[in-house]
Protein chains: 2
Amino acid sequence: MAVTIRDVAREAQVSVATVSRALSSPDLVRPATRDRVLNAAAQLGYQPNRAARGLITGRTGNLGIVVPDLNNPFFTGVLKGVQARARQADYSVFVADSDEDRATEEQLLRAMAKQVDGVIVCSPGIDDTQLYEAAGTTSVVMLNRRLRGVPAALMNSASGMRQIVDHLVALGHRKLVYLNGPRTSWSNKERRRGLRVATQQHGVELIELGPFPPRYEGGLQACDLALAAEPTAIMAYNDIMALGVLARLRDRGIVVPDEVSVTGFDDLMFAALCSPPLTTVAMPLMPAGMLAVDLLLDGLNAGTTEVRQVDLDTQLIVRATTSPPPA
Amino acid sequence: MAVTIRDVAREAQVSVATVSRALSSPDLVRPATRDRVLNAAAQLGYQPNRAARGLITGRTGNLGIVVPDLNNPFFTGVLKGVQARARQADYSVFVADSDEDRATEEQLLRAMAKQVDGVIVCSPGIDDTQLYEAAGTTSVVMLNRRLRGVPAALMNSASGMRQIVDHLVALGHRKLVYLNGPRTSWSNKERRRGLRVATQQHGVELIELGPFPPRYEGGLQACDLALAAEPTAIMAYNDIMALGVLARLRDRGIVVPDEVSVTGFDDLMFAALCSPPLTTVAMPLMPAGMLAVDLLLDGLNAGTTEVRQVDLDTQLIVRATTSPPPA
DNA sequence: AGAAACAATGTAAACGTTTTCGTTATGTTT
DNA sequence: AAACATAACGAAAACGTTTACATTGTTTCT
């Protein structure tokens, strides 16, 4: 049915081996014949059968990525980067959504490992031993999580947090509240770490609350607890929680940023659109996705056992939810 | 390296043919030997090589989906559905993001067609002839777009629009503005269609403006034009535009819904979170994704040439941006 | 000029399955 | 009991590539 390498060979009056070479290692054939082959291939609209190629080379030309929730713009951001970079390198990408469930996550990872040359894992949930096991089966790159011996694309959350603290302290804040996200998440740990050193260096008071679910409702809930501590600024684990905080503050008639400053984290689309627009930290989502692909491909091609873990910079985006504290 | 069907055959003391049968058509082997094979397979951790299988069966076990923008929650919603349903059927899904570009869209579609058993196309942009061509190469299911001879999973936008109009008219509105999205998009056409018949039936005045870019900025821009027409309700093409409208109204000191009612379309997450929470229409995103997969698989397995185009119902979600018009 | 190296191409094996066909054992009908 | 259908299994071909090896013709070296 489909046009095969044999058809091209016949058309170009050469053997199938020559066709194969002309396409995958062009310098092995004479320019004249190469052109003949290429023309024939183009004319017939030949596309190599990837399954057949994969069968013999052991390479599938596929990449996998497993994410906890496709509805979370954070992950679609990196997915977009992954997707774009993979396409440039002529790879296709499988995507799997684990629905935040650790068991399915592991299952998906395992299933995917058979079909791809490498997997990008964005899952805060799945545990270390599972990951090491997967890393044995196929190439693995971690996203936003550091694990010994496994390459990783990291976004410097700690640095983002310190930028927030620097900003708030410069405005004159001296008593800050941080609303924790999930305790187990690497991101939350990193953010706390950045937070601790920054507040200690500046000698300002830090009150930690939570953990809270990293969602709108979590923000609503956390807000009242935060206010009880009477801070001048509230730092949420992420934008969605911050949105909850803003909503609750408005309900209670507390004016942002005049009476209390609020910050988020992630710079999701609506951070710029809510009111007042949210001061937050922008994550290099697409760059991280592209980096992850590069790391994966490096590992595959170079065959070097060098394990690279690369940090990408985050950036504070100052909008309208932060101002000097009330006098 | 990996464990192959031969290893299982040796372990179970049968031929490779029997192993293959025991796994893919269990009723062809005696229960006793089947158990032996299954045990051996389980013990060795055997996983069939999909490339090899695909080579001979002509089936890849893969599905593709091409979307214009992964950052758009609309598409990730259906993607989530696709993904979930595909996993149940033991299919993997390739995802491709065209970045709203028609040329890449076509290119992606073409590239994907070779590697999958079927493709789900969510692209409003790509033109009919391209689609028909793709439908010749591989199985195609359209999402939210009707095309003769091509199966489709459709969300009934027209019905959603009529629900909005019914709602507004019931509240007492008599002069409505609709802010058009992209003229070429099937969704916009459908929404207008529903709008027209509903307003005519009720005998209320309808003013159409635009087209506007279906984005936040589009809403900002459209808002002032809309107000000039002095309607009592503004219906936006989608939630994001509606958000822009709300922002602009607030800036101009116009109170929603007391002075003017506003509606969106899509029920994205922030529609519930913005303030005031947006009255909008919920789309059955995940169901549509799952339906699309079902249609695809039906087409593959049944081999029937019956072309199904299924409509899914949308639902009006009344929140706080609609109320009776000012007296 | 003969040998040796090399460049360009062809032949055929290999990758891991599924499936056709043939063979043997097991019932079932006359 | 002979003939025949049927069930269970094995041998081998096939899928479309890549690649190791063989072959040929051409250049380079001595």
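Start by selecting chain A, whose secondary structure comes to 13 helices and twelve strands; helices (H or I, at least four residues) and strands (E, at least two) are DSSP runs, numbered from the N terminus. Because its radius of gyration is 25 Å, well over the 20 Å that the globule rule gives for 327 residues, chain A is more spread out than a compact globule. That radius is taken over C-alpha atoms, and the rule is 2.2 Å times the number of residues to the power 0.38.

Before going on, note that this is a predicted model, in which local features need pLDDT of at least 70 and side-chain atom pairs count only at pLDDT 80 or more, while totals for chains, interfaces and linings use all residues. Residues are numbered from 1 along each chain as its sequence is written, and chains are lettered from A and ligands numbered from 1 in the order in which they are written.

**Chain A as a whole**

Of its 327 residues, 49% count as buried. Here a residue is buried if 20 or more other C-beta atoms lie within 10 Å of its own, exposed if 12 or fewer, and partly exposed in between, with C-beta atoms placed from the backbone. Among the contacts in chain A with a separation of 6 or more, 69% are between residues 24 or more positions apart; two residues are in contact if their C-beta atoms, placed from the backbone, lie within 7 Å.

**Bring in chain B**

Now show chain B as well. A rotation of 180° with 0.0 Å of shift along its axis superposes chain B on chain A, with an RMSD of 0.1 Å. The two copies are thus related as by a two-fold rotation axis. The superposition is by least squares on the C-alpha atoms of residues with pLDDT of at least 70 in both copies.

Next, select the contact between the chains: it takes 31 residues from chain B and 31 residues from chain A. On the chain B side, the elements that each supply at least two residues are helix 4, helix 5 (73-88), strand 2 (92-97), helix 11 (239-251) and helix 12 (269-273). By class, that side of chain B has 16 nonpolar, ten polar and five charged residues. The classes are Ala, Val, Leu, Ile, Met, Phe, Trp, Tyr, Cys and Pro as nonpolar, Asp, Glu, Lys and Arg as charged, and the others, Gly among them, as polar. Since 100% of the interface residues of chain B are also interface residues in chain A, the copies meet through the same surface.

**The DNA strands**

Select DNA strand C and the 26 residues around it, of which A:Ala17, B:Ile5, B:Ala17, B:Ser20 and B:Asn49 come nearest. A residue is near a strand if its C-beta atom, placed from the backbone, lies within 6 Å of it.

Move to DNA strand D, with 25 residues around it; A:Ile5, A:Ala17, A:Ser20, B:Thr18 and B:Thr33 come nearest. Helix 2 (16-24) and helix 4 (50-57) of both chain A and chain B each supply at least two residues here. This surface divides into 14 nonpolar, eight polar and three charged residues.

**An enclosed strand**

Go to strand 1 (residues 62-67) of chain B: six of its six residues are buried, so it is largely enclosed by the rest of the structure. In a regular strand the side chains alternate between the two faces of the sheet. Here both faces are covered, with B:Asn62, B:Gly64 and B:Val66 buried on one side and B:Leu63, B:Ile65 and B:Val67 buried on the other. Strand 1 pairs with strand 2 of chain B in the parallel sense over six bridges; pairing requires that DSSP finds at least two bridges between the strands. To see one of the bridges, select B:Val67 and its partner in strand 2, B:Asp97.

**Backbone stops**

Most residues other than glycine have a negative phi, and most peptide bonds are trans. Select A:Asp90, whose phi is near 65°, in the loop between helix 5 (73-88) and strand 2 (92-97) of chain A. A:Asp90 is exposed, with 8 other C-beta atoms within 10 Å.

A:Glu100 also has phi near 65°, and A:Glu100 sits in the loop between strand 2 and helix 6 (102-113) of chain A.

Finish with a cis peptide bond, the one joining A:Val256 and A:Pro257, with omega about 5°. A:Pro257 is in the loop between helix 11 (239-251) and strand 9 (261-263) of chain A.
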